[in-house]
Amino acid sequence: MANSFTRMISGRNTAVILASVGAGSLTSGYLLCDSTANAAERRKLYPPSADFPDLRKHNNCMAAALTPTIYGHLRDKTTSNEWTVDQCIQTGVDNPGHPFIKTVGMVAGDEESYELFAELFDPVIKDRHNGYDPRTMKHPTDLDASKITSGMFDERYVLSSRVRTGRSIRGLSLPPACSRSERREVERVCVTALSGLKGDLAGRYYSLGDMSDREQQHLIDEHLLFDKPVSPLLTASGMARDWPDARGIWHNNEKNFLLWINEEDHTRIISMEKGGNMKRVFERFCRGLKQVEHLIQERGWEFMWNDRLGYILTCPSNLGTGLRAGVHVRLPMLSRDPRFKKILENLRLQKRGTGGVDTAATGDTVDISNHDRLGKSEVELVQLVVDGVNYLIECEKRLERGQDIKIPSPIPQFRK
Amino acid sequence: MPFGNTHNNFKLNYKVEDEFPDLSKHNNHMAKVLTKELYGKIRDRQTPSGYTLDDVIQTGVDNPGHPFIMTVGCVAGDEESYEVFKDLLDPIISDRHGGYKPTDKHVTDLNFENLKGGDDLDPAYVLSSRVRTGRSIKGFTLPPHNSRGERRGIEKLSVEALTSLDGEFKGKYYPLKSMTDAEQDQLINDHFLFDKPVSPLLTCAGMARDWPDGRGIMHNDNKTFLVWVNEEDHLRVISMQQGGNMREVFKRFCVGLQKIEEIFKKHGHGFMWNEHLGYILTCPSNLGTGLRGGVHVKLPKLSVHAKFDEILGRLRLQKRGTGGVDTASVGGVFDISNADRLGSSEVAQVQLVVDGVKLMVEMEKKLEKGEAIDSMIPAQK
């Protein structure tokens with residue numbers, strides 16, 4: 001299924017395709033020639049230099065990496081899904097960013113984007129992922145949860161534990177680029193696979209468009225519902241088109257394993273529970289992921305993955321593992337300590353407010369998760385979070401007892 | 001999206017029913033007209049610049065609309081869109097513009113001498129007068145579709161044209177991206193500055209891309225004539241002043257437009273126009289004259305009269321709040337303007353405003369005196 005599409009549309013043999021859907025080869029020939037010639041004319045009239053974006057006031061990874069030379073090489077290329085570099089960078093052009101927060105500033109429209117536009121994606125990936133070089137390095141994938149040690153946190157401090165990642169279905173365009181039918185295909189593939197889950201993973205699907213008011217309220221109350229993206233970082237990339245068509249949420253009966261369909265990625269997979277049993281959360285995460293993968297493979301589909309970039313997702317920041325493992329943890333004293341920031345940095349951890357990315361902390365509770373995604377495996381990253389959070393809790397306890405705390409030495413970035 | 005055809009040929013691999021948008025909860029002109037059959041018939045077409053059906057309708061798919069307000073739900077990406085997608089756009093145009101047929105001809109009349117009166121609207125009631133329209137420059141694609149290079153080309157041509165004007169039109173161009181804070185404050189105080197569109201009706205159509213690149217404002221020294229470059233249309237041309245002398249406003253409008261058009265024509269880039277649709281603009285609602293001629297007028301008594309809306313309808317006028325479209329009125333002051341754009345000329349539309357507002361001011365005065373206005377209610381124009 002997926003493979004025959006890729007074969008069919010590879011190369012620029014678009015006239016054959018049009019003819020095959022009955023558009024009439026003469027008509028399609030005329031329309032195509034006219035537009036191809038026209039497009040070629042217009043490209044001559046407007047060389048890349050005429051189109052080069054004004055990025056002088058911009059602070060994002062794309063703006064730092066894009067030069068007129070690179071743009072000149074890439075502007076006229078299109079992936080076999082007809083996605084262009086202009087479409088990749090639109091979100092970064094439209095969102096100059098903030099002096100303190102460096103956003104990525106570009107997205108992929110399909111798996112091929114990362115290859116065809118590597119001249120731009122590679123430096124952006126290096127910038128975002130601590131110097132990781134996709135040309136020379138390999139990314140390790142490891143979803144064996146049994147390797148995690150000390151994965152049970154002190155529940156007087158850790159209120160909840162959560163692991164999330166994303167997965168893309170190979171052969172279908174990503175959310176910025178996908179057509180309605182591709183998006184609906186993603187939904188079909190996932191919902192069919194999920195209906196095969198059993199035991200503690202058995203659950204049901206709620207389509208965003210068909211949800212009743214009662215179902216919607218229930219999902220909001222349980223903090224499970226996602227809404228139409230409003231952040232211009234996301235809307236400018238085109239991923240909110242046709243909302244809420246083919247978007248939905250699946251969760252198991254216990255509500256500790258859930259999937260978002262067609263939000264920022266094809267799928268976001270989340271395992272979570274109250275309390276501090278990160279090991280169990282990760283174990284369920286790995287088990288669920290493997291079963292979903294197996295169920296889609298039975299029908300001839302697979303996840304987008306390669307050994308240089310790991311799992312392929314819409315935003316380059318989520319390449320590799322796409323994994324964010326985190327806790328909501330009470331650290332009233334430590335969070336106010338001037339050394340907190342440095343401790344987090346050295347532990348390669350990141351803090352967010354309890355509303356998630358770009359929210360503020362409420363009270364003494366912070367969201368602590370891994371900073372990195374690419375270059376280390378899932379097991380390594382979760383272990384890093386486990387060890388790091390345990391260290392933070394130790395610090396909090398020491399401060400409670402009036403004892404001093406130490407800034408730990410920095411953890412190395414990734415193995416070469 | 002510029003140059004490419006946004007993934008369209010690839011989409012054709014999928015069946016019509018898989019690609020057809022779910023419009024079951026939608027209330028806009030596009031959703032009323034677009035059936036699965038029609039979608040199937042024209043989805044493989046594209047304009048010479050690569051604009052596709054899905055591009056045309058995206059804003060209408062993303063914005064289901066409101067039960068009380070019927071939006072258009074589609075935009076053009078270039079001049080050819082209105083031809084290539086006429087199967088969709090003709091019925092929408094007919095719906096939106098009072099039954100306008102594909103065979104109808106639109107008359108353009110920018111001869112201000114043909115306007116009767118309009119210089120005597122009572123300034124005690126009519127606080128300000130304004131006429132605006134839009135213009136698209138031939139040879140460029142429209143704001144939903146154009147590339148940065150094209151948008152900058154439009155700006156360059158526009159700046160050349162506008163800064164060469166003299167007499168009462170002599171003025172200065174302020175590019176949005178290099179405006180100083182002082183300039184920005186001044187333009188805001190003068191009520192001239194336009195900002196990045198936030199309405200999803202506009203942003204979903206792609207016209208806010210690359211903001212503020214290639215956007216700017218020109219105004220004359222007297223602050224009575226201004227031009228927006230690359231907002232929702234290539235050009236929005238506005239003539240305005242305090243008080244009720246609509247005749248003067250309209251004269252300046254016509255003269256200014258003609259001067260600008262001459263300069264563009266000299267460079268081989270006249271305005272987009274044809275005898276069926278008049279002036280071609282991004283939104284089908286602005287076809288024809290693209291003209292909105294209006295006043296800010298104090299009608300505190302008339303506006304709460306039971307027949308106010310009926311009177312407006314009969315006069316072929318429309319009310320808005322003083323902040324423009326989709327705003328509320330403040331202190332009984334309303335923005336009253338022509339409702340029509342296509343099928344009647346500029347002179348005819350401004351005439352309706354002039355005559356209608358004059359009548360409504362008379363009605364307001366009568367109501368102030370405690371008299372009835374029933375005998376004054378006009379027949380349907």
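1. Let me start with I270(A), which touches R162(A), V163(A), R164(A), N256(A), F257(A), L258(A) and W260(A), leaving out residues up to four places away in sequence; contact here means heavy atoms within 4.5 Å. A word on the basis: this is a predicted model, in which local features need pLDDT of at least 70 and side-chain atom pairs count only at pLDDT 80 or more, while totals for chains, interfaces and linings use all residues. Residues are numbered from 1 along each chain as its sequence is written, chains are lettered from A and ligands numbered from 1 in the order in which they are written, and side-chain values use heavy atoms, with hydrogens and water left out.

2. Where does I270(A) sit? Its place is in strand 5 (residues 267-274) of chain A; helices (H or I, at least four residues) and strands (E, at least two) are DSSP runs, numbered from the N terminus. I270(A) is buried, at a relative accessible area of 2%. For these labels, buried means under 20% relative accessible area, exposed over 50%, and partly exposed in between (1.4 Å probe, protein chains only). L233(A) is 37 residues away along the chain, and its C-alpha atom is separated from that of I270(A) by 22 Å.

3. Neighbours within four places aside, the residues in contact with N318(A) include E264(A), D265(A), R268(A), Y311(A) and L313(A).

4. On to charged pairs. How many salt bridges are there over all chains? The count comes to 60, taking a salt bridge as a side-chain nitrogen of Lys or Arg within 4 Å of a carboxyl oxygen of Asp or Glu. One of them joins E345(A) to K342(A), with the closest N and O atoms 3.3 Å apart. Both residues lie in helix 14 (residues 340-346) of chain A, three residues apart, about one turn of the helix. E345(A) is partly exposed at 44%, and so is K342(A) at 38%.

5. In chain B, the side chains of K32(B) and D95(B) meet in a salt bridge of 3.5 Å, N to O. This pair links distant parts of the chain, with K32(B) in helix 3 (residues 29-33) and D95(B) in helix 7 (residues 86-96), 63 residues apart. K32(B) is exposed at 54%, whereas D95(B) is partly exposed at 35%.

6. D87(B) and R45(B) form another salt bridge, their closest N and O atoms being 3.1 Å apart. Since D87(B) lies in helix 7 and R45(B) in the loop between helix 4 (36-42) and helix 5 (53-62) of chain B, the pair ties together parts that are 42 residues apart in sequence. D87(B) is partly exposed at 26%, as is R45(B) at 22%. Elsewhere, salt bridges that share partners join D54(A), R56(A), R152(B), K177(B) and D213(B) into one network.
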